[in-house]
Amino acid sequence: MERIINTNNYEASLKSRDTEETIDIWFYRPVGYCWALFFQRLGITPNAVTWMGIILGVAAAVCFYFSNIYINIAGMLLLIWANTYDSADGQLARMTGIKTRLGRLLDGLCGDIWFITIYVSLVLRMTPEWGVNIWILGAAAGYCHAKQASMGDYFRNLHLYFLKGREGSELETSRNIETRYRKLTFRRDLIYKLFDFFYLAYTRGQERFTPVLQRLLEILKQRFPDDSLPMWLREEFRERSLPLLKYTNILSFNTRTIVLFLSLLFNIPWAYFVFELTVLNVLLVYMLYKYRIICNNLICKLENEQAQ
């Protein structure tokens, strides 16, 4: 693999070393990069790779419905394969410059489709034993999953915003999305308008969870309208945020799938739901608390600097 990977090109295919998880750095990103090179040679677009990843992930979820350990292991391998494609599509987009709003839409939906089908498969699998109770447990875990993943993504993009600026981040405000949404029409822009309708609700939810952060961003918008944040501010935020990213990343894909795989191997799939409702919720509250402190400190410094 070292012969295949050109280090400079590989690094350029990543968003940022700061926000990458250890498993991603050592496995998913290198494998995804090799897939990206392969698809680039074949002329396959990033969106096509995303669709292939969605299909593989759904197939994996179906395998989790069965209590047969061998079928479950096949599902695990399919989900790992699907996630290498989820890495490859973004890397391929950065390598080729083929970046579209539709691609971003699909990429955002990819993980949601995987886990919705995984939840349905697990709940159906346990219904004969648990009855309606497992549907309640699964729905509660699914709701918490959505909030955890949403905030994990928000904090990573926030870190990228301070690290690389607006262009290097996917951080958006509900105000900008609403403006864009109002300009679109259902007749000409049906897919994009529907996407922005749900994306607007998604972003508003992130903002409601982080009122102090929204105050900080508003101050920055007023003082630095061109996003030219001072270096001291960028460096201080990065220094404070970087140690927290390892916890933020736990709210995303890799840790979830490890726990999911263990619960399947030991034939206790309900334990995965319990993990989300307990451990990951506690971690989410901790992350909200820590970023609130960071934002309050920066607001104080900015206000003191302006007062001088």
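Analyst: In this predicted model, helix α6 meets helix α12 through Ile134, Leu137, Gly138, Ala140, Ala141, Cys144, His145, Lys147, Gln148, Met151, Phe155 and Leu158. On the α12 side, the residues in contact are Trp270, Tyr272, Phe273, Glu276, Leu277, Leu280, Asn281, Leu284, Met287, Leu288 and Tyr291. Sorted by class, this contact has 17 nonpolar, four polar and two charged residues. Two packed helices are described by the angle between their axes and the distance between the axes. Here α6 spans residues 132–164 and α12 spans residues 270–307; the angle is about 35° and the axes are 9 Å apart. The crossing of α6 with α12 is left-handed.

Next, the pocket. The second largest pocket has a volume of about 330 Å³. Its lining consists of 16 residues, and Thr173, Arg175, Leu217, Glu218 and Lys221 lie nearest the centre. Helices α7 (174–183) and α9 (211–223) each supply at least two lining residues, with α9 giving the most, five residues. By class, the lining has six nonpolar, four polar and six charged residues.

Last, the loop residue. Leu184 sits in the loop between α7 and α8 (190–208). Leu184 has a relative accessible area of 14%, so this residue counts as buried, the cut-off being under 20%. Between Leu184 and Asp196 there are 12 residues of separation in sequence and 9.2 Å in space, C-alpha to C-alpha.

Conventions
Residues are numbered from 1 along each chain as its sequence is written. This is a predicted model: local features need pLDDT of at least 70, side-chain atom pairs count only at pLDDT 80 or more; totals for chains, interfaces and linings use all residues. Side-chain values use heavy atoms; hydrogens and water are left out. On a 1 Å grid over the protein atoms alone, a cavity is a set of points where a 1.4 Å probe fits but cannot get out, and a pocket is an open set with protein on both sides within 12 Å along at least five of seven lines; lining residues have an atom within 4 Å of a point. Grid points are joined across faces, edges and corners, and a volume is the space filled by probe spheres set on the points. Helices (H or I, at least four residues) and strands (E, at least two) are DSSP runs, numbered from the N terminus. Ala, Val, Leu, Ile, Met, Phe, Trp, Tyr, Cys and Pro count as nonpolar, Asp, Glu, Lys and Arg as charged, and the others, Gly among them, as polar. Axes are lines fitted to C-alpha atoms, for helices over the stretch in contact, and angles run from 0 to 180 degrees between N-to-C directions. A crossing is left-handed if the near helix is turned anticlockwise from the far one by less than a right angle, and right-handed if clockwise. Contact means heavy atoms within 4.5 Å. Buried means under 20% relative accessible area, exposed over 50%, partly exposed in between (1.4 Å probe, protein chains only).
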